[in-house]
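I opened this notebook to record what I looked up, going from the whole chain down to single residues.

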Amino acid sequence: MTGGRGDPGLLDRMVRGSLGWLDDARGFFRLPPNVTTDADPNLTLKPLGELAELTQLIGVLHPRDEIRRSARGLFAFAWNETRDGELFAELIRGEPFATYPVELYATFAQAGLRHADADELVGTTTRLRGWRVAREDHTRTLGVLNAERRLGLRPHADFAEVLALTGLGRLPEPWTLDRRAVYGVTHDVFHLTDWGRNRQRLSPEAAGYLRLWLPSWLDTWLEEEMWDLAGELLAVTATLPAAPYDAEAWQRLAAVQAADGSVPEIGAAPSSGDPADTFLACYHSTLVTAFAATLARIACDEAGASPAAGDPALVGGRTPRESESAP
């Protein structure tokens, strides 16, 4: 990896292309009428939640106005699909111990979009004994704790204690990490830093470990054509202090992005011609590409300007005022 400003033009083109494809794919993000009953949440709520999480961040933090506007439009679309939050009240009533409705709702609440019934139900269910049971997936627990923080709730566990049990917290021998473990480490970083908004939360020890081993992991998963994981690793790279810029990795990911802006999750895009198949094979990796390129773009700007000269909303990974978060 190399330091420096990187290639802002390339990064902007990648974000712009990704958001364009996602905008064209709005129909596939729409929720079906049976979303609270028979629909598979992995095919309905999960894509919409990812769209909301990452477009909310891009819509606030990206340096370019037109890109922020595009992202905010997608975020507003996602909120509209939840019927202005009524969906979360229905989901929580149906599954009071489920964490995913709270995690999804917290994404919108962070932007100042709240629903009174959902707030009341969240406040009740997260105080129940069943909510406080230990969860085996410590990385997922970090996500729940981050959602509680966003909602202004008392955390059900100590964040630092849970982090110590994760892959990032344990700093395992890097050659022992398989694909699932590397995914876990990337999400440990995302939950710890609130998806890159608070990068100062990354400890010097963890940052040093990542700086040392990220290049090897990137080479491995680029070689395997795991484009979504490569994008997540590039996003993690952009959260590091004085973030390095891997020009070769970015060029390889850019070469995979199709003319329409889509990025396949693994290998090549489906050849079936079925738009639904293409959506499922590309939506996550396309979102990740836009997210990673946004964080890298911010790091490029910070490498070329002193904090005193920069936009105070972007310096040091701090979150802008909450009033700026709403679309």
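I began with the contacts (heavy atoms within 4.5 Å), and noted that of those in the protein with a separation of 6 or more, 73% are accounted for by residues 24 or more positions apart. I kept in mind that this is a predicted model, in which local features need pLDDT of at least 70 and side-chain atom pairs count only at pLDDT 80 or more, while totals for chains, interfaces and linings use all residues. Residues are numbered from 1 along each chain as its sequence is written, and side-chain values use heavy atoms, with hydrogens and water left out.

Next I looked up the overall build, and found 15 helices and 0 strands in the protein, where helices (H or I, at least four residues) and strands (E, at least two) are DSSP runs numbered from the N terminus. The radius of gyration is 19 Å, close to the 20 Å from the globule rule for 327 residues, so the protein is as compact as a globular protein of that length; the radius is taken over C-alpha atoms, and the rule is 2.2 Å times the number of residues to the power 0.38. I also noted that 53% of the 327 residues count as buried, a term that means under 20% relative accessible area, with exposed over 50% and partly exposed in between (1.4 Å probe, protein chains only).

I then turned to one helix. How far apart are the end C-alpha atoms of helix H13 (residues 227–238)? They are 17 Å apart, which agrees with the 16 Å that its 12 residues should span at 1.5 Å a residue, the expected span being 1.5 Å times one less than the number of residues. I found 12 of the 12 residues of H13 buried, so this helix is largely enclosed by the rest of the structure. Its buried residues pack against helix H11 (179–192), helix H12 (204–223), helix H14 (247–256) and helix H15 (275–303).

Within H13 I picked out Thr237, which is buried with a relative accessible area of 3%. From Thr36 it is 201 residues away in sequence and 37 Å away in space, C-alpha to C-alpha.

Last, I checked two loop residues. Arg83, in the loop between helix H4 (65–81) and helix H5 (86–94), has a positive phi of about 55° although it is not a glycine, and at 42% relative accessibility it counts as partly exposed. Trp195, in the loop between H11 and H12, has a positive phi of about 60° although it is not a glycine, and at 13% relative accessibility Trp195 counts as buried.
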